[in-house]
2 protein chains.
Amino acid sequence: MTSSDIFRNSINALKHHSVIPYVPNSHVAKSILLRRQPNKLKVINSQRNDTLPKFFQVDEYKALKAKQINKALDEAVPLRHPAILHEAMRYSLPGGKRLMSTLCIASCEMIGGSQSVAMSMACAIELLVTMAVIQDDLPCLDNDELRRGKPSNYKVFGEATAILACQALHCLAMQHIAMIKAKTVSPDRLLRAMVEINSAVGSEGIAAGQIMDINSEGKEVSLSELNFIHRHKTGKFIEASIVSGVIIGGGNEEETERMRHFGKCVGMAYQLWNDIVDVIGSPEMREKTGRDMMRDKATYPKLVGVDGSKKHAKELIAEAKQELAYFDPSRAAPLDHLVNFIVSFGNNN
Amino acid sequence: MTSSDIFRNSINALKHHSVIPYVPNSHVAKSILLRRQPNKLKVINSQRNDTLPKFFQVDEYKALKAKQINKALDEAVPLRHPAILHEAMRYSLPGGKRLMSTLCIASCEMIGGSQSVAMSMACAIELLVTMAVIQDDLPCLDNDELRRGKPSNYKVFGEATAILACQALHCLAMQHIAMIKAKTVSPDRLLRAMVEINSAVGSEGIAAGQIMDINSEGKEVSLSELNFIHRHKTGKFIEASIVSGVIIGGGNEEETERMRHFGKCVGMAYQLWNDIVDVIGSPEMREKTGRDMMRDKATYPKLVGVDGSKKHAKELIAEAKQELAYFDPSRAAPLDHLVNFIVSFGNNN
């Protein structure tokens, strides 16, 4: 399905709804609207701030973005010499749901940036996600032999190659960001995005969360300690994916800070829901979280119960949506629907 | 010893020599010269392109730069929460000779940049060197229990923490480069330096060299394969340290490409000499390379003999110096002396 198909569905739906369509790329949407409904454009525009579109196809949107991101990722890691290293880098790329990178693109587009600019950032984000995934599975960390239904990276390529592939993926991600060439994005903004992402991966982000997670196994963990682990292992990276999208999309200071708060709430809700899925989700969805329970890792349902966790996740999503309300609702629609999706049953990875 | 001391020594030496002094910071040096030898300045300047200073104190220069870099590095990695992660990051920082970072600063200064600007880049370089050192010692890679006379990182902190410290050091290095704030360095130049460094660390650099090195153990290795390993494991990083110094120092295209060739030659000579030291060096110097021989890793003396290796190393240094001749000899003096040092007996790490 292409962007045009999504627009076509939206336009068809428009015949039966009085709500505005999702407008990811205004000049395309405008031309479609003008072509199909020349007399209605003004009316539609006047409604922009009144309501969010109800017929936005989040599944189609997600699938389209994932397809486009996968294509870009495939091109991002060429199979060059030394082949074994590049094979290891490529091996763990497929299979992700591309949520972080889709959030980045959606944030960039909401602020007025284009997908072509956001795509390199999105690739960098998925290269880093892949790095984290390979590392996570290593024997000295989670020691997981399976990932996304196939043997984990170190099982296929050995530990040394897996570790070097992580290093190479990190470097490639940085090169992708640094080499974004677009008149609409100043080098200064690229540097800011670089700081955001590295801060979310290093000793103030994923690495910090991982180390606290490892050291808490089998121990009594307080809610504030669990919040620290989840915020650093996952939350900050989700926040950085969103904020970097806003930065390269051209967001001003207020927009960036609002979206930072949005990202913070979404990141925490995501992790809460991940923990909840273990209790209420399907067997497949329980796979990863189930392993965490077996390892006696701390989870939210253990500390505050399933209902308490669900309630808090939904409060966080509501808080996030308050920030979205500041933006044009037609442009904010994808993010609005994506965060609904995050706290929907069993589809949150 | 301060910069002033070095200048004082240079000026004292000037009384007994007819050659020009090293001028790392021309306005300071100029004022010293004017103050002490007001009538000689013109004569001195007219000699600038005739000869290189002979009395440059390379040991003092190296010691001073190392001291300044160590101070900056100590401040670069604060001991914050989670303490164990930051302790692991800091543990492997001391003890390096800071050759790569000194080459970066010397290149930046030669081109007209200031040390204050180069220092963040130098820190980033040493953070990456430290990352590579920690990783190199892991059981699945070189499995070295000792590094710089003390237990290696993973022996003290465990493999998981060592791996996470590597990731965090990489992120911190990127943040250091991205956050350089100087009127004299455009964000565009920082992005270029970022690409240089990451290219030298990832799948076109250290990671590529490491993987080929691992896979060549115990096998017949051709000279071209050995060149690939050494160029990628060490050479490219030395080249990138020099080129990034030139970029942030404000070098134009010709200067950058000349210094790239200079760096390429120096990088290869460095590795050749490292291999030679195993045969002609002191027991302490043989420690690392000796382990490589025991592991049946390929080295230059094995393939082309000690004399052949020495000859080639000196040819490479001569080739490098041809590029240096393009620059003001007084500004090029530190690099000229540093590369002599690289191919001097037993002091090349």
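Okay, some ground rules. This is a predicted model, where local features need pLDDT of at least 70 and side-chain atom pairs count only at pLDDT 80 or more, while totals for chains, interfaces and linings use all residues. Residues are numbered from 1 along each chain as its sequence is written, chains are lettered from A and ligands numbered from 1 in the order in which they are written, and side-chain values use heavy atoms, with hydrogens and water left out.

Let's start with chain A as a whole. It has 16 helices and 2 strands; those are DSSP runs numbered from the N terminus, helices being H or I with at least four residues and strands being E with at least two. Chain A has 349 residues, and 59% of them count as buried. Buried means under 20% relative accessible area, exposed is over 50%, and partly exposed is in between, with a 1.4 Å probe and protein chains only. Now take contacts, meaning heavy atoms within 4.5 Å. Of those in chain A between residues at least 6 apart in sequence, 75% join residues at least 24 apart.

On to the aromatic rings. A pair of rings is described by the distance of the centres and the angle of the planes. Rings of Phe, Tyr and Trp (its six-membered ring) pair if their centres lie within 6.5 Å; planes under 30 degrees apart are stacked, over 60 edge-to-face, and the rest tilted. How many aromatic pairs turn up over all chains? The search of the whole structure finds 4. One is Tyr326(A) with Phe327(A): their centres are 5.1 Å apart and their planes at 90°, so this pair is edge-to-face. Phe327(A) is buried at 8% relative accessible area, whereas Tyr326(A) is partly exposed at 37%.

Over in chain B, Tyr91(B) and Phe157(B) also make an edge-to-face pair, at 5.4 Å centre to centre and 75° between the planes. Tyr91(B) is in helix H5 (residues 83-91) and Phe157(B) in helix H8 (residues 153-157), so the pair ties together parts 66 residues apart in sequence. Both of these residues are buried.

Two of those rings have a charge sitting over them, which takes NZ of Lys or CZ of Arg within 6 Å of the ring centre and within 35 degrees of the ring normal. The charged end of Arg258(A) sits over Tyr326(A), 4.1 Å from the ring centre. For Tyr91(B), the charged end is that of Lys150(B), 3.9 Å from the centre.

Now the backbone. Most residues other than glycine have a negative phi, and most peptide bonds are trans. Where do we find a cis peptide bond in chain A? Between His81(A) and Pro82(A), with omega about -5°. Pro82(A) is in the loop between helix H4 (58-76) and helix H5 (83-91). In chain B, His81(B) and Pro82(B) are joined by a cis bond too, with omega about -5°.

As for phi, Arg98(A) is positive at about 65° although it is not a glycine. Arg98(A) is in the loop between H5 and helix H6 (99-110) of chain A, and is buried at 3% relative accessible area. Arg148(A) also has a positive phi, near 50°. That residue is in the loop between strand E1 (146-147) and strand E2 (150-151), and Arg148(A) is partly exposed at 35%.
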